[in-house]
Amino acid sequence: MANNEKTYFQGIADGLKTLVIGLKVTLKEYFIPKTTEQYPENRKTTLHVSPRHRGRLVFKRDENQAYKCVACLMCEKACPNDTIKITSEMVTNEETGKKKRQLIDYQYDLGDCMFCELCVNACNFDAIEFTNDFENSVFDRDKLVLHLDKEVYEGGSLPQLIDGGAPFEIGKFNTKTK
């Protein structure tokens, strides 16, 4: 018999040894107190979302709720899976006589978006941005098709979500329910 071959009983002993090691780890974890963050109930007080999280695309608007988009189509061209569809028309300015592109509809399909941020990087006018609002669940996929030029984004359902939500404290969770 070769030196590296084990006998039948040595194999059983090795199997029992690994079983005991696994049970030791399991028992140690069993007695450590668990922390659970109660998400739906306490999300307004404990949920922290990174400010860099890409949740949904919105138009940047000024104090008059006017958007900066000039319908240049750069974001639509940069989108790898045709999530953005822009409808525009050429309008002649009566005073100067110059033609200018005017936005008619800015359609964004949140359900197909890869959140790659290529559209934001391609926008030369700083007209669009991703917010960190992540609660976008709906029962009908058609509701995920947003018309950004017609909606005014007021922020998510959580307070101070754009600033990151609740203060971030490592290792501290609120385990009590309301």
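**Around Thr 83**

Guide: Thr 83 sits in the loop between helix H3 (74–78) and strand E2 (84–92). Helices (H or I, at least four residues) and strands (E, at least two) are DSSP runs, numbered from the N terminus. Keep in mind that this is a predicted model, where local features need pLDDT of at least 70, side-chain atom pairs count only at pLDDT 80 or more, and totals for chains, interfaces and linings use all residues. Residues are numbered from 1 along each chain as its sequence is written, and side-chain values use heavy atoms, with hydrogens and water left out.

Visitor: Is Thr 83 buried or exposed?

Guide: The labels go by relative accessible area: buried is under 20%, exposed is over 50%, and partly exposed is in between (1.4 Å probe, protein chains only). Thr 83 comes out at 3%, so the label is buried.

Visitor: Which side chain does the side chain of Thr 83 make a polar contact with?

Guide: A polar contact is a pair of N or O atoms within 3.5 Å; within protein, one must be able to donate a hydrogen and the other to accept it, and residues adjacent in sequence count only if both atoms are side-chain atoms. For the side chain of Thr 83, the distance is 2.8 Å and the partner is the side chain of Asn 81.

**Salt bridges**

Visitor: How many salt bridges are there?

Guide: The rule asks for a side-chain nitrogen of Lys or Arg within 4 Å of a carboxyl oxygen of Asp or Glu. Among them is a network linking Lys 60, Lys 68 and Asp 126. By that rule the count is seven.

Visitor: How many residues apart are Glu 117 and Arg 54?

Guide: Their side chains meet in a salt bridge at 3.0 Å, N to O. Glu 117 is in the loop between strand E3 (99–109) and helix H4 (118–122), while Arg 54 is in the loop between helix H2 (39–46) and strand E1 (56–59), so this pair links distant parts of the chain, 63 residues apart.

Visitor: How many residues apart in sequence are Arg 141 and Asp 112?

Guide: Their side chains form a salt bridge (3.3 Å, N to O). Arg 141 is in the loop between strand E4 (128–131) and E5, and Asp 112 is in the loop between E3 and H4, so the pair ties together parts whose separation is 29 residues.

Visitor: What pattern does the protein chain follow along the sequence?

Guide: The secondary structure comes to four helices and five strands. Read along the sequence, the pattern is α-α-β-α-β-β-α-β-β.

Visitor: What percentage of the residues of the protein chain count as buried?

Guide: The protein chain has 178 residues, and the buried share is 24%.
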